[in-house]
Amino acid sequence: MERNKAYILGLLHDIGRKFGARHLGHVYDGYKYMLELGFTQVAKICLTHSFGIQDIKTYIGKFDILESEQLELEIALNSVKYDDYDRLIQICDALGAAEGIVDIEARMQDVKNRYGNYPQEKWDKNFELKKYFENLANKDIYEIVDK
Ligand SMILES: [Fe+2]
């Protein structure tokens, strides 16, 4: 993987928040904004970062977009093929909180408490992603991110 590319994708994955604090809306806004500017790889990350499980129904939070936009997102999400950049930003998102790097399980529990649910397959997927990068790096994930 290219270090700088991964870093830039990480920086821009939530660019949709520029248009306001929305839930699924920030995914949609970021995706559309980056597409508009011609940054297709960033657009893909904006789209995939909330979906360890490649299924729009697994989104945790409000579906605060129009039905037509949701359909557009769903078609886009279903048509992409995940690569390690998608997976990397997904696991980093699971590790990162406002206060810094946190324990993945504690983070998911916190989300579960706040939203009242956390799909089991999404929960399991985050541990699978953790293991995936630990195997690639031959290191504990918290050692990799210097927690
Ligand atoms: Fe996000």
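Student: Between which two helices is the loop that holds Asn138?
Tutor: This is a predicted model, in which local features need pLDDT of at least 70, side-chain atom pairs count only at pLDDT 80 or more, and totals for chains, interfaces and linings use all residues. Residues are numbered from 1 along each chain as its sequence is written. Helices are DSSP runs (H or I, at least four residues), as are strands (E, at least two), numbered from the N terminus. On that numbering, the loop with Asn138 lies between α7 (120-137) and α8 (141-144).

Student: Is Asn138 buried or exposed?
Tutor: Count the other C-beta atoms, placed from the backbone, within 10 Å: 20 or more means buried, 12 or fewer exposed, and in between partly exposed. Asn138 has 7, so it is exposed.

Student: What is the phi of Asn138?
Tutor: Asn138 is a residue other than glycine, yet its phi is positive. The value is near 55 degrees.

Student: Which pattern does the chain follow along the sequence?
Tutor: The chain has eight helices and two strands. Read along the sequence, they give α-α-α-α-α-β-β-α-α-α.

Student: What is the radius of gyration of the chain?
Tutor: The C-alpha trace spans about 40 × 35 × 25 Å along its principal axes. The globule rule, over C-alpha atoms, is 2.2 Å times the number of residues to the power 0.38. For 147 residues a compact globule would be near 15 Å, and the chain agrees, with 15 Å.

Student: What share of the contacts with a separation of 6 or more joins residues 24 or more positions apart?
Tutor: A contact needs two C-beta atoms, placed from the backbone, within 7 Å. Among contacts with a separation of 6 or more, those between residues 24 or more positions apart make up 60%.

Student: Which residues does Val42 contact, leaving aside neighbours within four places in sequence?
Tutor: Val42 is one of the residues with the most contacts inside the core. Beyond those sequence neighbours, Val42 is in contact with Leu9, Leu12 and Met34.

Student: What covers the buried residues of α2?
Tutor: The buried residues of α2 include Leu24, Val27, Tyr31 and Met34. What covers the buried residues of α2 includes α3 and α4 (67-79).

Student: How many Å does α2 reach from its first C-alpha to its last?
Tutor: The expected span is 1.5 Å times one less than the number of residues. For the 13 residues of α2, 18 Å is expected. The helix is followed by Gly38, whose phi is positive, near 85 degrees. From first C-alpha to last, α2 reaches 18 Å.

Student: At what angle do α5 and α7 pack?
Tutor: Arg87, Gln90, Ile91 and Ala94 of α5 meet Asn126, Leu129, Lys130, Tyr132 and Phe133 of α7. Axes are lines fitted to C-alpha atoms, for helices over the stretch in contact, and angles run from 0 to 180 degrees between N-to-C directions. The axes are 10 Å apart, and the angle is about 115 degrees.

Student: Which residues does Ile104 contact, leaving aside neighbours within four places in sequence?
Tutor: Ile104 is found in α6. It counts as partly exposed because it has 18 C-beta neighbours inside 10 Å. Its contacts beyond those neighbours are Ala94, Leu95, Asn126 and Lys130.

Student: How far apart in space are Tyr115 and Ala137, C-alpha to C-alpha?
Tutor: Tyr115 lies in α6. With 12 other C-beta atoms within 10 Å, Tyr115 is exposed. Leaving aside neighbours within four places in sequence, Tyr115 is in contact with Ile60 and Gly61. Tyr115 and Ala137 are 22 residues apart in sequence, and their separation in space is 33 Å.

Terms used
Core = buried A, V, L, I, M, F, W, Y, C linked by C-beta atoms within 7 Å.
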